[in-house]
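Student: Hi! I'd like to go through a structure with you, one topic at a time. Can we start with the charged side chains?

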Amino acid sequence: MLDAYTLTLMGIAAAFIAVLIAVIVFMGYLRKILSIASFMGPNATIFAIGSKYTDPEGIGKLLEMTTVTEVIADAKKEGYVIEDEENADVEIDRQMLRMMNDVISMLPEGVREFAEVYMLKFDANIVKRILRAKAAGVPKNKIYESVYEGKHITKTIISHMVEATSIEDAITALDATPFRDAIDVWNETNNLHAVDIALDRIFLEGLMDARSSLDEDSREAVEKTLSIMVDVYNLKVLVRGNFLGLDVEKYLVSGGYELDSWKLKNMAEARSLEEMLGNLEGTSYSFLRDAQDPFEVEILLDRYLLDKAKEIGMVYATSSGPAMMFLISKEYEARNLKAIIKGFQEGLPKDRIERLLVGVAS
C-alpha cells in the first residue's frame, strides 16, 4: 500500500504532466494560429490583385478586342501602366516586378526571404536578353531600351555587358553576380543555349538552397510547388538538348516531383522527341506524349505548372500557397499580355496568338 505522502506526490506529478501536455498542445495550436494570422494580410492582397490574364475569361476578353489601345486600357485596370506602346514589353515587366516586390514586402520573414531569391529569375532574364541581343547584332542603344536594372544585375553590370566587344567579354561581366558559373559554361561550350540553361539552373538551385529559411508551417506548399518546378525545368532542358543536339545531363537538377534520375537518364539518351516523351508513360506528364515539337512541349509544361500552382495556392490558402501561386501566375500573366499586344501589333490571327498563351481562352 502506498502512503498518503507518496500518493500526493504522484497526484501532483500527474497534474504537472497533464498541465505540461496541455501547454505543449496549446503552444502548437498557438504557433499555427499565429502563422495563419501572419499570412492573412498578404494572402488577402494576393487574391485581390489576382492574375486576370491567366484565366479563360480574362484572356478571352482581351482576344475579343480589336486594337492595342483597348488592350492597354484594360491592362491599366490590372496595374500595368503602359505609356509607350512600342516599348510595351519592358514596361509590362517593370510593372510586374513592382507588383511582385510590393507583395513580397508584406510576407512573413521566412517566405519573404525565399521569395526574394525567386526574383533571381528575372535577373537571369535580363542577362539572357542582353546576350541574345548582342549575338543578333542589335545596336547598343536598342539593347539599353530593352533591359532594366534588377537586384543583382545593376546598371554597371548592364553597361559592361552591353558595351562589351564580344559575347565572351559580356559573360565575363557576370563574375561578381550569382551567375558567375555561366562563365565556365561558356568557356566549356561556346554555346549560348547552354548558357541559357545554366542561368535557369542557377536560379532553381538558389531556390532549393533557400528552403532553409522556411518555417514548418510554410514549407509544405513551397516544397510541393518547387518539386513540380524542378520536373518542368528538367523536361524543358531535355527537350531543348534533344532538339539542339546538346549534352544536357549535367544541367539536370535533382529533387523533382516524380521524375527520378534513372528516368531522366533514359530520356537524355533518347534519339528522338517521340522516344523521349514515350518515357513519360505512367507519370503525371504523360499528356506530353502527343506533342509534335519542342515549342508545344514547353507551352504545355507552362500550362501544367500554372494549373498546379493555382491548385496548391487554394489548398494551402492559409499559408505560403498563395505566395507561390502569385509569383508563378503573375509572370505568366505578364507574358500573356506581352504576347497579345505583340500579336495585335503584328496583325497575327487571334487563334495563332492564343496558341502562345499560358491559360486557355474560352
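Tutor: Happy to! A salt bridge here is a side-chain nitrogen of Lys or Arg within 4 Å of a carboxyl oxygen of Asp or Glu. Keep in mind that this is a predicted model, where local features need pLDDT of at least 70, side-chain atom pairs count only at pLDDT 80 or more, and totals for chains, interfaces and linings use all residues. Residues are numbered from 1 along each chain as its sequence is written, and side-chain values use heavy atoms, with hydrogens and water left out.

Student: Got it. Which residue forms a salt bridge with Arg-240 at 3.6 Å?

Tutor: That is Asp-200, with 3.6 Å between the closest N and O atoms. This pair links distant parts of the chain, since Arg-240 sits in helix α12 (residues 216-244) and Asp-200 in helix α11, 40 residues apart. Helices are DSSP runs of H or I with at least four residues, strands are runs of E with at least two, and both are numbered from the N terminus.

Student: Are those two buried or exposed?

Tutor: Asp-200 is buried, at a relative accessible area of 17%, while Arg-240 is partly exposed, at 25%. The cut-offs: buried is under 20% relative accessible area, exposed is over 50%, and partly exposed is in between (1.4 Å probe, protein chains only).

Student: And what about Glu-298 and Arg-240, how do they meet?

Tutor: Their side chains form a salt bridge, 2.7 Å from N to O. Glu-298 belongs to helix α15 (residues 294-315) and Arg-240 to helix α12, so this pair ties together parts that are 58 residues apart in sequence. Glu-298 counts as buried, with 17% relative accessibility.

Student: How many salt bridges does the whole structure have?

Tutor: A search of the whole structure gives 27 salt bridges. One of them joins the side chains of Asp-74 and Lys-61, at 3.0 Å from N to O. Here too distant parts of the chain are linked: Asp-74 is in helix α3 and Lys-61 in helix α2 (residues 56-63), 13 residues apart.

Student: How accessible is Asp-74, and how accessible is Lys-61?

Tutor: Asp-74 counts as buried, at 3% relative accessibility. Lys-61 is partly exposed, with a relative accessible area of 34%.

Student: OK, switching to rings. How do you decide that two of them pair up?

Tutor: Rings of Phe, Tyr and Trp (its six-membered ring) pair if their centres lie within 6.5 Å; planes under 30 degrees apart are stacked, over 60 edge-to-face, and the rest tilted. By this rule the count comes to four aromatic pairs. Among them is the tilted pair of Tyr-118 and Phe-122, at 6.4 Å centre to centre and 50° between the planes.

Student: Nice. What kind of pair do Tyr-118 and Phe-203 make?

Tutor: Their centres are 5.5 Å apart and their planes at 85°, so the pair is edge-to-face. Distant parts of the chain are linked by this pair, with Tyr-118 in helix α5 (residues 109-118) and Phe-203 in helix α11 (residues 192-210), 85 residues apart.

Student: So which residues end up in a cluster linked by ring pairs?

Tutor: Tyr-118, Phe-122 and Phe-203. Tyr-118 and Phe-122 are both buried, and Phe-203 is buried as well.

Student: Let's turn to the loops. Where is Asn-190, and what is its phi?

Tutor: Asn-190 lies in the loop between α10 and α11. Its phi is positive, about 55°, although Asn-190 is not a glycine. For context, most residues other than glycine have a negative phi. Asn-190 is exposed, with a relative accessible area of 55%.

Student: And Gly-150, where does that one sit?

Tutor: In the loop between α7 (140-146) and α8 (155-163). Gly-150 is partly exposed, with a relative accessible area of 23%. From C-alpha to C-alpha, Gly-150 and Asp-123 are 5.4 Å apart in space, and 27 residues separate them in sequence.

Student: Last one: where is Ala-182, and how far is its C-alpha from that of Ala-198?

Tutor: Ala-182 is in helix α10 (residues 181-189) and counts as buried, at 0% relative accessibility. The C-alpha atoms of Ala-182 and Ala-198 are 6.1 Å apart in space, with the two residues 16 apart in sequence.
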